[in-house]
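Trainee: I would like to go through this model with you slowly, and to ask at each step what lies behind the words that are used for it.

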Amino acid sequence: MKDRIRSHWNTRASGYDKNVRHVIFFRRDKTIWQRIFAEFLGGNRHKILDVGTGPGIVANLISDMGYDVTGIDASERMLAKARENSATLHNSVELVLADAEKLPFSEASFDAVVNRYVLWSLPDPKSAIAEWHRVLRPGGRLVVVDGNWYLGSRDKPWTKKMWALISSALAEWRWPDDQSTNDDGWRERLWSSNAKRPEADLEILREIGFKDIAVVADLNRKLLTTLDYLKWGHSGDQFLVTGVK
Ligand SMILES: C[S@@+](CC[C@H](N)C(=O)[O-])C[C@H]1O[C@@H](n2cnc3c(N)ncnc32)[C@H](O)[C@@H]1O
């Protein structure tokens, strides 16, 4: 499964970068996302690990805020995009090829571990989060941003079902490479396609021993304008979960 997932992200690296780079290159998006991370990272968390950094989105956002950032990813092509983006923005971000579940760092090496849109596509979320807990120093904070992307129309009110229908058509057009690499249905077999989130995430954080666990259940409200919805449809409810070691 991991090889399947890595090959998906290698195929998508260039298209994905084009779709999300506005977050680090456009002031409005950058400000919204930096505010979200500032709320949870505070001023005294210096050394931060961005797991599944992709084209270096969160890594560059928080490097710009003055943090000392390391980004890891399992896809060489995503890391190449992250290097390009960091160079264009003149940010010094350390980028390392590594597996989210087997980090090449010793215990208690980071003040915070962050990630965005990564947990859903990991085969074993509990083992990944336990590994992130290991590299956090005592008192360090985990911040996970993710979304219910591929839950289909289960548990959704009719308005969201309608958006989901429109969105799948828009997604074909917006992310043709995303649709074509799901030919064997690997996404539907992921834990996240069959879990109630963020409740499942919170339960994992509790089991691993995080304290001060909190959730922002409706991040879409902070992130998306009505115009965004009209342009892109409803691609999924986004949320943030956080806890302290
Ligand atoms: C949807 S992208 C998110 C990229 C970026 N965090 C962002 O905010 O846009 C998911 C990323 O997770 C990475 N990834 C998936 N499985 C991984 C693993 N086991 N170890 C490290 N990175 C992984 C992928 O290569 C991809 O770059």
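Mentor: Let us start with the word contact, which means that heavy atoms lie within 4.5 Å. By that rule, and not counting residues up to four places away in sequence, L41 touches I48, I62, Y67, A112, V114 and V143. Please keep in mind that this is a predicted model, in which local features need pLDDT of at least 70 and side-chain atom pairs count only at pLDDT 80 or more, while totals for chains, interfaces and linings use all residues. Residues are numbered from 1 along each chain as its sequence is written, and side-chain values use heavy atoms, with hydrogens and water left out.

Trainee: Why is L41 called buried?

Mentor: Buried means under 20% relative accessible area, exposed means over 50%, and partly exposed is in between, with a 1.4 Å probe and protein chains only. L41 has a relative accessible area of 0%, which is under 20%, and therefore it is called buried. L41 is found in helix α3, where a helix is a DSSP run of H or I with at least four residues, a strand is a run of E with at least two, and both are numbered from the N terminus.

Trainee: Why is D99 called partly exposed?

Mentor: The relative accessible area of D99 is 25%, which lies between 20% and 50%, so D99 is partly exposed. As for its place, D99 is in the loop between β3 (94-97) and β4.

Trainee: And why does E131 count as buried?

Mentor: Its relative accessibility is 11%, so E131 falls under the 20% limit and counts as buried. E131 is found in helix α6 (residues 125-135), and, leaving out residues up to four places away in sequence, E131 touches A100, E101, K102 and L103.

Trainee: What makes the pair D99 and K2 a polar contact?

Mentor: A polar contact is a pair of N or O atoms within 3.5 Å; within protein, one must be able to donate a hydrogen and the other to accept it, and residues adjacent in sequence count only if both atoms are side-chain atoms. The side chains of D99 and K2 are joined at 2.7 Å, so the distance is within the limit. The side chain of D99 also reaches the backbone nitrogen of E101 at 3.0 Å.

Trainee: Which residues come nearest to the ligand?

Mentor: Of the 19 residues around the ligand, Y16, G52, D73, A100 and R116 come nearest, and a residue is near a molecule if one of its heavy atoms lies within 4 Å of it. A polar side-chain atom of Y16 lies 2.6 Å from an oxygen atom of the ligand. Backbone N or O atoms take part as well: one of A100 lies 2.8 Å from a nitrogen atom of the ligand, and one of A74 lies 3.2 Å from a nitrogen atom of the ligand. The protein covers 97% of the 590 Å² of accessible area that the ligand has on its own, an area that comes from the Shrake-Rupley method with a 1.4 Å probe, where for residues only the protein chains shown count as cover.

Trainee: What makes a group of residues a nonpolar core?

Mentor: A nonpolar core is a set of buried Ala, Val, Leu, Ile, Met, Phe, Trp, Tyr and Cys residues joined through side-chain atoms within 4.5 Å. Of the 39 residues in the largest such core, W33, F37, L41, I62, V114 and L240 touch the most other members. The largest share of this core, six residues, comes from α3. A second, separate core has 29 residues, including V113, L119, L136 and I208.

Trainee: How many residues of β7 are buried?

Mentor: Seven of the eight residues of strand β7 (residues 237-244) are buried.
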